[in-house]
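Thanks for coming. I will go through one structure, part by part. Please have a look at the chain before I start.

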Amino acid sequence: MEVVNGVLYHAVGASGAALCYTPQKAVKGWSWQTYWLAQAFICWFVLPLIVAYLTIPQVMQVLKEAPAYAMQRSFLLGMAYGIGGTAFGIAIRYVGFSLTYAIAVGISCVLGTLLPPLVHGTLDDVMKSNGAAFLIMGVVMGAVGIALCGVAGRNKEKDIEKRNIDFSFDEKQKAKNEFSLSKGLPLCLLAGILSALYGFSLDQGQPIADVAAKYGAGNFQGNVIYIFSNTGAFVTTLLYCLYLHTKEKTFYQYRTAGGNSLTANYLLSLLTGLLWYGQFFFYGLGHVRMGTYKFTSWAIHMIMLVLFSAVAGLIMKEWKQCSVTTKRWLTIALLVLVIAILLLTYGNYLGEKK
């Protein structure tokens, strides 16, 4: 039951991640960098510190005893993850959201799952262990399902472009001119590889969590790692947003957004940060319950994130204008993702029975 509970906690975290960008649609009068830095300040800097203080007994003593190398590695890998997130955002401009999602998240799912046991030299042992076949099939099916979601998403974008009368000829021509696979594909690859390092950042920060567990942190032990992994991501995000602010002269937006929307924008940024951090919080609660194959947490999380994002889109009627063929692609993709989650869950269950 602990494995099942772990998967359920991952589901809660993935739901938060799937919904965290929804508030952005209501932000008015702010550039991307203003909104992004405001929410990043909450989820990658403020909340990791607050939650660690509230959930880790004697947190300052834990930090004194924790090995410095674990802090440094977690922080630096978190910085790489922040660069990956930035590359993800830029790639969307050139190849669209769906292709970026399919390529980058698919790479992150596979690489982020296999990297920890590969670096620790335990991958061969895992491959010979009970339930390993189900785990590998689950990861592969997850990558296939994510790719199929990308196909469905790309078809959706084409369907909307054909049917939506709100798109002028100039807007369509601009979108066509901006599309560049030669620019977008390398960025997708970079985003996928560096985003996968976040899971590895948590893996490298485990010695810090072990010290926290010694002081009674229990299932909340992973919260202390976020002080370093998330702060690392915040540093690279901060540098990029400051660059954009300087280039586009948008610093003034933190003081005004036009009309009465400034307070609303800050509240929406706060909500985004809470939802985004929620995935980390519940990821940690799920991760400690996964037993022998903890490294599969990353695959389960990424697959569920894509699954719930698609379901959220259906609920919000984002697929309403799509063709029957596109909807079929989406249905197949969702079924494959569900099967992948079941395979990974069963593989973890068998691993606990050995």
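I begin with helix 10, residues 226-248. Its 23 residues, at 1.5 Å a residue, should span 33 Å, and the end C-alpha atoms are 31 Å apart, which agrees. The expected span here is 1.5 Å times one less than the number of residues. Helices are DSSP runs of H or I with at least four residues, numbered from the N terminus. After helix 10 comes K249, with a positive phi near 55 degrees.

A word on the source. This is a predicted model, in which local features need pLDDT of at least 70, side-chain atom pairs count only at pLDDT 80 or more, and totals for chains, interfaces and linings use all residues. Residues are numbered from 1 along each chain as its sequence is written, and side-chain values use heavy atoms, with hydrogens and water left out.

pLDDT is the predictor's confidence in each residue, from 0 to 100. For the protein chain the mean is 87, and 93% of residues reach 70 or more. Residues 167-171 stay under 50, and the model gives them 4 contacts beyond four places in sequence, a contact being heavy atoms within 4.5 Å. Where pLDDT is low, the predicted coordinates should not be read in detail.

Next, charged pairs. How many salt bridges does the structure hold? There are 2 salt bridges, each defined as a side-chain nitrogen of Lys or Arg within 4 Å of a carboxyl oxygen of Asp or Glu.

One joins E2 to R289, at 3.8 Å from N to O. E2 is in helix 1 (residues 2-19), while R289 sits in the loop between helix 11 (261-287) and helix 12 (297-315), 287 residues apart. E2 is partly exposed at 45% relative accessibility, and R289 is buried at 12%. Buried means under 20% relative accessible area, exposed over 50%, and partly exposed in between, using a 1.4 Å probe and protein chains only.

E65 and K214 form a salt bridge too, with their closest N and O atoms 2.9 Å apart. Because E65 lies in helix 3 (residues 59-65) and K214 in helix 9 (residues 206-214), the pair ties together parts 149 residues apart in sequence. E65 is partly exposed at 33%; K214 is exposed at 59%.

Last, the cysteines. With a disulfide taken as a pair of cysteine sulfur atoms within 2.5 Å, the count is 0. For C109, the nearest cysteine sulfur is that of C149, 12 Å away. C109 is buried at 0% relative accessibility, and C149 is buried at 12%.

Notes
Helix = DSSP H or I, 4+ residues; strand = E, 2+ residues; numbered from the N terminus.
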